[in-house]
Amino acid sequence: MASSLGIYIEKDIIKYAKLQKEKDSIKVESSSVEFYEPNNLSNAIKKIITETNSSKSSININVSNELYNYFETFSMLTKKDMLDSINIEFDLHCGEKGYSRKALETRYILTASRENTDKYKVLHIAVNKNDINERVKAFAPNKVASMTPISTSVTNLIDIDGNDNAIIVNIENETQITTIIDGQIYRTDIIQDGMGKILSKINEVESSTKKSYEVCKNITVYSQGQGGSLDGNEYLDEITPILDNIINETKEILESSFANIKKIYITGSGTIINNVDL
């Protein structure tokens with residue numbers, strides 16, 4: 001029976017799930033949230049691996065601090081020429097931004113451009129190699145099987161066919177909005193507002209990320225005109241502007257998507273807030 005441990009690491013918070021697969025059946029064996037001090041990540045990981053008995057399981061984790069860029073390349077180019085074209089674009093971008101090209105690990109996704117029919121749109125993702133090495137080192141002596149950006153792997157949570165137009169609003173430390181057009185990832189937008197700012201606001205009073213996280217589970221937000229008692233919602237004035245900004249940014253992305261978006265999915269830690277979908 002194959003097993004896999006999925007670990008998602010954010011500032012102060014680790015979310016994890018242990019999965020067991022037998023034939024075509026997948027079972028969630030255990031899942032939880034762990035809170036840790038920034039200088040104690042390695043011990044927190046060891047604790048999770050030990051408690052879930054995952055030392056021999058496939059361990060899959062997220063990368064952090066990704067850089068997203070968008071380029072275009074002609075669709076009629078050979079695979080090699082297309083790669084050369086993308087690398088040249090990224091080299092120029094690194095020169096403009098002052099990035100060290102050799103310090104970055106890169107990946108990209110190609111989709112048909114909706115603005116230029118003879119071109120591909122390139123979603124280009126880069127991660128600092130030092131960040132990758134430090135993250136992998138925290139898992140030693142266990143080996144990491146894969147590291148992926150959540151903005152692209154989160155699409156595995158939903159069934160997508162070739163005609164689907166949707167967005168996934170992943171509310172974590174920051175908010176990542178992944179746009180899917182005709183069943184393919186078209187772009188990812190990053191909003192700095194997210195659970196990081198919400199927890200920080202609550203933490204000014206609670207002085208504990210864990211307590212602040214638990215407080216969020218008891219907060220209920222209300223849509224316009226819905227009303228409702230504010231008992232237990234003393235932090236609404238602090239968090240509502242953050243959620244409103246996420247809503248406004250999402251609307252702008254919807255309006256500029258060049259497609260009729262039919263579905264919106266909300267994922268991430270932000271879903272612990274009651275009525276956040278409203």
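Which residues gather in a patch of negative charge on the surface? I found Glu204, Glu234, Asp237 and Glu238 there. Patch residues have over 30% relative accessible area and no salt bridge, and like charges are joined within 9 Å. Asp and Glu count as negative.

**Ground rules.** I am reading a predicted model, where local features need pLDDT of at least 70, side-chain atom pairs count only at pLDDT 80 or more, and totals for chains, interfaces and linings use all residues. Residues are numbered from 1 along each chain as its sequence is written, and side-chain values use heavy atoms, with hydrogens and water left out.

**Glu234.** I looked up its place: the loop between helix H6 (209-217) and helix H7 (236-255). Helices are DSSP runs of at least four residues, strands of at least two. Glu234 counts as exposed because its relative accessibility is 54%. Exposed means over 50%, buried under 20%, and partly exposed in between (1.4 Å probe, protein chains only).

**Salt bridges.** I noted 14 in the structure. Each is a side-chain nitrogen of Lys or Arg within 4 Å of a carboxyl oxygen of Asp or Glu.

- Glu72 and Lys119 pair at 3.6 Å, N to O. Glu72 is in strand E5 (residues 67-74) and Lys119 in strand E7 (residues 119-128), so this pair ties together parts 47 residues apart in sequence.
- Lys80 and Asp84 have their closest N and O atoms 3.0 Å apart. Both sit in helix H2 (residues 79-97), four residues apart, which is about one helical turn.
- Arg187 and Asp189 come to 2.9 Å between the closest N and O atoms. Arg187 is partly exposed at 25%, whereas Asp189 is buried at 18%.

How values were computed. Patches are made of residues with over 30% relative accessible area and no salt bridge: like charges are joined within 9 Å, nonpolar side chains (Val, Leu, Ile, Met, Phe, Trp, Tyr) within 5 Å. Accessible areas come from the Shrake-Rupley method with a 1.4 Å probe; for residues, only the protein chains shown count as cover. The place of a charge is taken as NZ of Lys, CZ of Arg, CG of Asp or CD of Glu.
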